[in-house]
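User: Hi! I am new to this structure and would like to learn how its features get their names. Could you walk me through it?

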Amino acid sequence: MTDATEETKLTRFSVKYFSEVLEKLSKRHRDIISKSCFKTLLLFEKCSVPYRLALWIAQKVDVNSCDIIVRDKVIPLSKESVHIVLGLPVGGLPISSNSEIGKQKILDTFGLSSLPTVKFFGDKLIRNESMSDDQVLISFMMVSLNCFLCPNSSLQPSTKYLSAFADLTSIDKLDWSNLVFEWLMKHLSKLEKSKSFGGCLYYLVVSIITLSFFQLLCFFVTS
């Protein structure tokens, strides 16, 4: 695989923009977000991911068994491990693909007639514009989902998770870990044919590093 192909597959994983938004969050922003299930994402500032390493790991994933397989080592991937790595809720209500009510909630909250790109939401946080609590939370969720948790080849928010925005008081009850896991597996299954990578690379990299660390620890403990 050429360097150009690698770059094409990974340019949309906008962790740099996600980190920029995190860095610019005001204390009020953080206070609002810290009351939601997305509070753990406040810890991921400057979480750069080595693209070559992430792509190498992605190519080692068996999407049928949901395992990373490297030689004789098997690292299972699951929504439970997404919960461990990212701290998102697991085992809650499924996130419906019926996006209309959630989409309308976003449009009404911001007084919009059509859904803008993710930069509309992120730049509001970066510029510390005057926003309601709901606007702050929606903006952060949009950036987190589009740039870090469930990235794809578009700068537009995906309609596949917009149903979650229908009732912001219930977002903690949703199975976010499963959304991130299934999103990753779906895009990994199309990795060879697609020109863009979609999925949380950070989760992939941490999964293999964590197992390597424990294997090394066990070696020292038993030797």
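User: Which residues is Trp176 in contact with, leaving aside its neighbours within four places in sequence?

Analyst: Trp176 is in contact with Cys37, Phe38, Leu88, Pro89, Ile95, Met141, Leu145, Ala164 and Ile171; contact means heavy atoms within 4.5 Å. A word on the source: this is a predicted model, where local features need pLDDT of at least 70 and side-chain atom pairs count only at pLDDT 80 or more, while totals for chains, interfaces and linings use all residues. Residues are numbered from 1 along each chain as its sequence is written, and side-chain values use heavy atoms, with hydrogens and water left out.

User: How many aromatic pairs does a search of the whole structure find, and why is the pair of Phe38 and Trp176 called edge-to-face?

Analyst: The search finds ten aromatic pairs. Rings of Phe, Tyr and Trp (its six-membered ring) pair if their centres lie within 6.5 Å; planes under 30 degrees apart count as stacked, over 60 as edge-to-face and the rest as tilted. The centres of Phe38 and Trp176 are 5.0 Å apart and their planes stand at 85°, so this pair is edge-to-face.

User: What makes this pair a tie between separate parts of the chain?

Analyst: Phe38 sits in the loop between α3 (27-33) and α4 (51-58), and Trp176 belongs to helix α9 (residues 176-188), so the pair ties together parts that are 138 residues apart in sequence. Helices here are DSSP runs (H or I, at least four residues), strands likewise (E, at least two), numbered from the N terminus.

User: What kind of pair do Phe44 and Phe148 form?

Analyst: Theirs is tilted, with 5.4 Å from centre to centre and 50° between the planes. Phe44 is in the loop between α3 and α4 and Phe148 in helix α8 (residues 133-149), 104 residues apart.
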